[in-house]
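Hi,

Here's the structure I promised to pass along. Have a look at it first, and then read on for what turned up.

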Amino acid sequence: MPEIAQPNRSAPARLPGTDKGDRKQQTLRDRWLDWRDRLIANSRFQRWAAAFPLTRPIAQRRATALFDLCAGFVYSQILLSCVQLKLFERLAGDPQTPAQLAPRLSLTEQQAHRLLEAAVALHLLQRRSGGRYGLGPHGAALLGNGGVAEMVAHHALLYRDLADPLALLRGEAGETLLQGFWSYARSPAPAEAAPAGVAGYSDLMSASQAMIAEELLEAYALADCRCLMDVGGGQGTFLLAAAQRWPNLQLRLFDLPAVAKRAETVFARAGLNERATAVGGDFHCDPLPQGADIVSLVRIVHDHDDEAALALLAAVRTALPRGGRLLLAEPMSGTPGAEAAGAAYFGFYLLAMGSGRPRTPAELRALLAAAGYRRSRLMTTRQPLLLRLIVAEA
Ligand SMILES: CC(C)=CCC/C(C)=C/CC/C(C)=C/C=C/C(C)=C/C=C/C=C(C)/C=C/C=C(C)/C=C/C=C(C)/C=C/CC(C)(C)O
Ligand SMILES: C[S@@+](CC[C@H](N)C(=O)[O-])C[C@H]1O[C@@H](n2cnc3c(N)ncnc32)[C@H](O)[C@@H]1O
């Protein structure tokens, strides 16, 4: 059973770090933060701040932000309903009334109206003339970002795994649904994964490559590169994008055998047999193919705990010639303006997946140095929420 915290109504709020003994070690900043916390936790101060005209907007903003944290799951489920009903596709360029939509969604008019109003409140949809509903700014942006709808749909697994977050944190949750979905996570012999076990995650990764590949190829020019090897390259969607942008580039992909097979089919269909090869193996124990002058690890390193991540970075360095480059691209922790996506979303996502953690650029650069890279540099990406990039020199 999940643990339900019981509020202690009689005890006064006591914040840590206020004992006389602790005080000696506190910096000025710690003391200021203690004072601020005591003030904000004081319900009389809250009432005063909500009433006083100069502090009222701040109090209202903070209350809304805290409410949004409480309600996040509800908002996500409204988004999921819209995705499942393909509401954004239906309304793109064709705003409709609840009466028109209801039979197409297998809902009554009243039910459709409730969903549409909720989606309007979340800026997913927007009201139009004549009682019709059309896309809102978020709904339109979602349509323009391939893979977001698929991500939303697969969150059903994540949310079930997170139903008892403390059990998950304490490692008492047992086998999770995400471990089943990402069949290589925690598997002692990932190279033996059956084709059916890799299909779901390979398709999801491929669908969401649209927003990743462009970011990466915009951030780093491959003009002077001869052969790019994408390690953990999935079914080859990133390499397809690289091939289109850089027509002289040779392409190599390394992934688990069942995934490499899928990439082979994709390369053949794209007529890339002359330029692209896919090699199957396990990057934890098999040597990586030599011959590439640049290697990419796209959304790979955060999947692995420190020891495995360090070994993988070292294996890539060994496969590269001296002066060869590694592109380490993934969402990272501590990204200014997107802090929640790193430590909170990916922190708990990877916890549910059973392996890995999001790292800050500084942590990754320290791992790269420990793996023997001579230098590394954090590059600028246009949407750091989705992807950051470190380039390292072997
Ligand atoms: C014309 C007028 C009046 C105004 C225009 C104003 C203007 C300039 C507006 C800007 C509009 C605009 C360009 C909007 C752009 C919006 C974008 C780019 C939105 C992007 C959203 C992306 C989202 C929501 C991404 C979600 C990604 C998720 C959930 C990723 C999950 C990844 C997972 C689970 C990865 C798993 C891999 C593993 C296992 C960790 O390795
Ligand atoms: C999160 S996906 C990223 C796929 C792709 N780079 C992308 O960004 O779309 C991780 C990839 O690493 C591969 N992988 C996981 N463990 C592996 C291993 N031990 N050896 C080789 N590939 C592995 C998976 O099969 C999967 O394709």
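How do the residues of the shell around ligand 2 divide into nonpolar, polar and charged? They split into ten nonpolar, five polar and four charged. Here Ala, Val, Leu, Ile, Met, Phe, Trp, Tyr, Cys and Pro count as nonpolar, Asp, Glu, Lys and Arg as charged, and the others, Gly among them, as polar.

Before the rest, some housekeeping. This is a predicted model, where local features need pLDDT of at least 70 and side-chain atom pairs count only at pLDDT 80 or more, while totals for chains, interfaces and linings use all residues. Residues are numbered from 1 along each chain as its sequence is written, and chains are lettered from A and ligands numbered from 1 in the order in which they are written.

Back to ligand 2: 19 residues surround it (a residue counts if its C-beta atom, placed from the backbone, lies within 6 Å). The closest are Tyr 184, Met 205, Gly 232, Gly 234 and Arg 299. Helix 12 (residues 195-219) gives the most to this shell, with four residues. Helices (H or I, at least four residues) and strands (E, at least two) are DSSP runs, numbered from the N terminus.

Ligand 1 has around it, among others, Asn 145, Trp 182, Arg 299, His 302 and Asp 303. That shell comes to six nonpolar, two polar and two charged residues.

Now for the strands. In strand 6 (residues 294-298), five of five residues are buried (20 or more other C-beta atoms within 10 Å of their own, all placed from the backbone). Ile 294, Ser 296 and Val 298 lie on one side, with Val 295 and Leu 297 on the other. In a regular strand the side chains alternate between the two faces of the sheet.

Strand 6 runs parallel to strand 3 (residues 227-231), joined by three bridges (DSSP must find at least two for strands to pair). Asp 230 has Ser 296 as its bridge partner in strand 6. Strand 6 also runs parallel to strand 7 (residues 325-330), with five bridges.

Strand 3 is largely enclosed by the rest of the structure, because four of its five residues are buried. Five bridges join strand 3 to the parallel strand 4 (residues 250-255).

Cheers

Technical notes: A residue is buried if 20 or more other C-beta atoms lie within 10 Å of its own, exposed if 12 or fewer, and partly exposed in between; C-beta atoms are placed from the backbone.
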